[in-house]
Amino acid sequence: MPFSDFRPLYQTELDLGYAVYLSAFEWHQANGIRQWLVPLPRSVYTARHERGVNYGLFVENQLAVIVSLFPGTPPEWAEVLTESETWW
């Protein structure tokens with residue numbers, strides 16, 4: 001069974017994390033999946049990283065997935081997610 005680890009990204013992993021995000025964005029676009037219409041600006045990703053909310057799933061010590069986990073609901077989802085204490 002492969003070794004995996006889910007943890008906050010280190011400061012030194014900022015570029016790697018954003019590259020993984022962009023790769024996922026490009027895959028969605030290439031496969032007609034309209035989950036994200038425009039990529040997250042680097043400045044937004046960097047601000048999240050500096051707040052310590054970017055996490056990564058590492059499989060065999062390779063970053064495979066990134067997510068940003070923070071409390072609150074984005075304004076564009078406020079009508080759908082009415083609970084005030086969501087994690088995004």
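This is a predicted model: local features need pLDDT of at least 70, side-chain atom pairs count only at pLDDT 80 or more; totals for chains, interfaces and linings use all residues.
**Entry 1**

Residues are numbered from 1 along each chain as its sequence is written, and side-chain values use heavy atoms, with hydrogens and water left out.

I then counted the aromatic pairs and found three. Rings of Phe, Tyr and Trp (its six-membered ring) pair if their centres lie within 6.5 Å; planes under 30 degrees apart are stacked, over 60 edge-to-face, and the rest tilted. F6 and Y55 make a stacked pair, 5.6 Å centre to centre with 15° between the planes. F6 is in strand β1 and Y55 in strand β2, so this pair ties together parts 49 residues apart in sequence. F6 is also partly exposed, at 45% relative accessibility.

**Entry 2. The tyrosines**

I checked the rings of Y18 and Y45: their centres are 5.3 Å apart and their planes stand at 50°, so the pair is tilted. Y18 belongs to helix α1 (residues 14-30) and Y45 to helix α2 (residues 42-51), so parts 27 residues apart in sequence are tied together. Helices (H or I, at least four residues) and strands (E, at least two) are DSSP runs, numbered from the N terminus. Y18 is buried at a relative accessible area of 10%, and Y45 is buried at 1%. With Y21, these two form one aromatic cluster.

**Entry 3. The strands**

I followed β2 (residues 54-59) side chain by side chain.

For pairing, DSSP must find at least two bridges between two strands. β1 (residues 4-8) pairs with β2 in the antiparallel sense over five bridges, and D5 has F58 as its bridge partner. β2 also pairs with β3 (residues 62-68), antiparallel, over six bridges; V59 is bridged to Q62. I noted two residues between β2 and β3 in their hairpin, with E60 in the turn at a positive phi of about 50°.

**Entry 4. A charge over a ring**

Last, I looked at R7, whose charged end sits over the ring of Y10, 3.8 Å from its centre. The criterion is NZ of Lys or CZ of Arg within 6 Å of the ring centre and within 35 degrees of the ring normal.

Technical notes: Buried means under 20% relative accessible area, exposed over 50%, partly exposed in between (1.4 Å probe, protein chains only).
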